[in-house]
Amino acid sequence: MKFENRTPREGINVSREHPLKEFSILLAGLAGIVILIAVMLSFIAEMLAPLVPFRLEEKLLAGTELEFGSSDLSEDDLKVERY
C-alpha cells in the first residue's frame, strides 16, 4: 500500500460567512452569557443576604469608618433614627 502526502483542497479552512458577522454573533453570545451570569449572581445574593447573621455583619464592618447618620438632621429626625 502506498501513501501519498496530498495538499488539502483550496479554501478548506475558510468559512462561507463574513468574518465580522461570525465575530458579532460570538460577541453577542458572550455578552448574553455574561449578563445571564450577573443576573443569576444577583438573585443568589438576594436569597443569601437574609441568612447572614447580624454579628457577622458587625465583624465584617468593624474596621470601616461608616457614618450612618447625617449631621444635617433635626432633633426630631435624630430621635426617630435613634429609636
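**View 1. Overall fold of the chain: three helices and zero strands make up its secondary structure.** The elements follow one another as α-α-α from the N terminus on, where helices (H or I, at least four residues) and strands (E, at least two) are DSSP runs numbered from the N terminus. This is a predicted model, in which local features need pLDDT of at least 70 and side-chain atom pairs count only at pLDDT 80 or more, while totals for chains, interfaces and linings use all residues. Residues are numbered from 1 along each chain as its sequence is written, and side-chain values use heavy atoms, with hydrogens and water left out.

**View 2. Dimensions and surface of the chain.** The C-alpha trace spans about 95 × 30 × 25 Å along its principal axes. The radius of gyration of the chain is 30 Å, whereas a compact globule of 83 residues would have a value near 12 Å; this radius is taken over C-alpha atoms, and the globule rule is 2.2 Å times the number of residues to the power 0.38. Of the 83 residues, 0% count as buried, a class defined as under 20% relative accessible area, with exposed meaning over 50% and partly exposed in between (1.4 Å probe, protein chains only). The accessible surface comes to about 8,900 Å², of which 63% belongs to carbon and sulfur atoms, as computed by the Shrake-Rupley method with a 1.4 Å probe.

**View 3. A nonpolar surface patch of about 940 Å².** Ile33, Leu36, Ile37, Met40, Leu41, Ile44, Met47, Leu48 and Leu51 make this patch. Leucine 41 lies in helix 1 (residues 19-48) and counts as exposed because its relative accessibility is 52%.

**View 4. A patch of negative charge on the surface.** Glu75, Asp76, Asp77 and Glu81 gather here; Asp and Glu count as negative and Lys and Arg as positive, while His and the chain ends are not counted. Glutamate 81 belongs to helix 3 (residues 75-82) and, because its relative accessibility is 44%, counts as partly exposed.

**View 5. Alanine 49 in the loop between helix 1 and helix 2 (54-60).** Alanine 49 counts as partly exposed, because its relative accessibility is 44%. Its C-alpha atom is separated by 28 Å from that of lysine 79, which is 30 residues apart from alanine 49 along the chain.

Methods:
Patches are made of residues with over 30% relative accessible area and no salt bridge: like charges are joined within 9 Å, nonpolar side chains (Val, Leu, Ile, Met, Phe, Trp, Tyr) within 5 Å. A salt bridge is a side-chain nitrogen of Lys or Arg within 4 Å of a carboxyl oxygen of Asp or Glu. The place of a charge is taken as NZ of Lys, CZ of Arg, CG of Asp or CD of Glu.
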